[in-house]
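Have a look at the structure first, then read on.

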Amino acid sequence: MNRHIIYNYSQALTERLSGYSLIPRVEDLCNIDEIVTEVQKNNQLFCIWVDCSLMSISDLDFECVKTDTPIILYAYNIGDIFKTLCKVDLIRNHNIRIFLSSDSKENFHSVKILSSLGIDMGILLDSKHIDDDLFLDLASYALLGQVPHASIEPFDYIWRNIMQEHNLDIDTIFFNNPQKYIYINDSLDFSFSLEDLNKSCFAGNLSAIDHIDFNTEVEQKLNRYYSHFFALDKCSKCPAFKVCDRKSIAVFNNCQEVYSTIYEYAEIRSNNESQNHNTRSLCQL
Amino acid sequence: MANVLLTETCVRSCPYCFAKQYMSDSDVNDSLTWDNLIYIADFLQSSGINHISLLGGEPLIHPNIAEFILYLNKRGFFITIFTSGIMPDSKFEEFCNKITGIPNLNLSFVCNVNEPRLSPKSELAKVERFFSIFGSRCSLSFNIYRLDFDMNFTIEYIVKFGLNRHVRLGLAHPIPGQKNKYIAPESFSAVRDTLMSTFEVFSEHNIDPGFDCGFPLCMFNDNDLGKLYKYTGGRISFQCGPAIDIGTDLSVWSCFPLSDFNKKSLYDFTSFEELVNFYESKMEEVRRKISGIYTKCDVCEIRRKNLCSGGCLAHVLNYMIQEGGFRNE
């Protein structure tokens, strides 16, 4: 199986998942080094997902982390900016990307601040409504900033893939792509998304995963894709469908303009990079 | 080096203030945002500039002052803050604690002081408190706006608080078309007399004077120039060029006295060099019409050799606004 398994970390479950590529989810940064050691005994460790969605970066203890394993950290906000700035050198030394919620306007500025200081960042598309201008301003900074800074997701993913022929799936950045990730519970039942897992909506059991027809999922996606053209809805004529894939239709006031602009930024960035501009190698999903 | 305004309000009301006009036109709530700070830092860094000056209004009353300093320091900037040293009591201790870890080399203060005999006691107490904590990071700045000025108090401050042995001197210049106190060019010779005698005393205390822009070379005689060379360690200039101020809304102008002269936006430029070149060319256009603050500037060899700019351009523009032709003989 070439998918990564995402699960709430426990030593017992880790022992039952021998031989897989794993993404353990934890809720704090402490004990990460022990978890890395434990998982790597019998598995490939893809990255660690630290979900501190209710905590501020300033309140997190980065000193307890020593590992070079990629860490994806979800935090609520930057918190006390001064305290966070004092931790910048420490965070920069880790292979870490921090995602902040798009719920708060301040988080867009915080992402810029930390990115400009060399910390790989991301903005979650977790809000029911995101301000178009804020999002585009961040995209402009992420893709066309005049000074090198750390990458910002999902914009970095978009420009890295914009020249590919297929549509992009920006949900990949948020561990929400059945082609790459599956979620399992303690009983080894698996789902294609965290949402499904939380609703106990399972696609099967890990023991039978080799017999699961993942093409059904692909087929559903294709049907969803073609349905826009049959329905002639606004996505069918959207020039940025390749980027959005109808995922953010209700999030922005004018999703077409938002994603078309980002598409344009990504192409400019891509062209710039192809003209031998310096690039920085990063921890990427 | 660029001067970045953090706030557009000040805790003092100096009669000579050359930022007065700019401040009165701006909103009292205007202060630099994180977004604009990042843009400025990017702009300067992409232009190869790693030194930034923060000013106001009073920069130390910006709500994020400590965070801005730390941020710029993390980005590798050397920071100079132009301040009165006057901070609200409630913020002072917190500010002290937050910036103690930043090396003196990376953060320094230029404290603009007025004569104690002309300052309120409450201000003086706050200024002295600032010096007692940050003395080793501080050098003094003094603006000359009246003929009976006395700078001996600066020596007392330097000795008492261990300040850097350098005093920046500025001549108060007019805001073209506005009213503020300044020294008129015909009175420069009187200023010269007090300066030279003060510099003698400075010299005895190993204190170097430094001239801000706008001093015309001819206000000193050859004997003075020789002494000035010695007093300043040869670092003396009689130029008037763009200082480049950046407002809280990213508007840019040449320097405060010229804040209404060809004001632009930082977005109009792609590099700091381009910005400086723009204002240099604009200033040169004016100087082609009136070469300096004196009529004799038109035929001055020193001016022609560009050893002197012919005084502050604000005087020149002021003459133009007041129906020129009346230049000082």
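Let's start with one helix. In α4 of chain B, residues 89-99, the buried residues are B:Phe92, B:Phe95, B:Cys96, B:Lys98 and B:Ile99. Helices (H or I, at least four residues) and strands (E, at least two) are DSSP runs, numbered from the N terminus.

A word on the ground rules: this is a predicted model, where local features need pLDDT of at least 70 and side-chain atom pairs count only at pLDDT 80 or more, while totals for chains, interfaces and linings use all residues. Residues are numbered from 1 along each chain as its sequence is written, chains are lettered from A and ligands numbered from 1 in the order in which they are written, and side-chain values use heavy atoms, with hydrogens and water left out.

What do the buried residues of α4(B) pack against? Their partners are α3 of chain A plus, from chain B, α3 (65-74), β4 (107-112) and α5 (121-134).

| Pair | Closest N and O atoms |
|---|---|
| B:Lys126 and B:Asp89 | 3.6 Å |
| B:Arg129 and B:Asp89 | 2.8 Å |
| B:Lys98 and B:Glu94 | 2.9 Å |
| A:Lys112 and B:Asp35 | 3.2 Å |

B:Lys126 sits in helix α5 of chain B and B:Asp89 in helix α4, 37 residues apart. B:Arg129 is in α5 of chain B too, 40 residues from B:Asp89. B:Lys126 is partly exposed at 24% relative accessibility, and B:Arg129 is partly exposed at 23%. B:Lys98 and B:Glu94 both lie in α4 of chain B, four residues apart, or about one turn of the helix. Over all chains, the count comes to 25 salt bridges.

Now for the meeting of the chains. In contact (heavy atoms within 4.5 Å) are 16 residues of chain A and 16 residues of chain B. The area buried between them is about 1500 Å², with carbon and sulfur atoms giving 66%; that is accessible area (1.4 Å probe) lost on putting the two parts together, summed over both. On the chain A side, A:Phe82, A:Gln146 and A:Val147 lose the most area to chain B, together 40% of what that side buries. Two salt bridges are counted between the chains. In chain A, α3 (81-92), α4 (105-116) and α5 (132-144) each supply at least two residues of the side touching chain B. The most come from α3(A), with seven residues.

Last stop: A:Asp132, in helix α5 of chain A. Is A:Asp132 buried or exposed? A:Asp132 is buried, with a relative accessible area of 12%. Leaving aside neighbours within four places in sequence, A:Asp132 is in contact with A:Phe252, A:Asn253, A:Asn254 and A:Val258.

Technical notes
Salt bridge = Lys/Arg side-chain N within 4 Å of Asp/Glu carboxyl O. Buried < 20%, exposed > 50% of the residue type's maximum accessible area, 1.4 Å probe, protein only.
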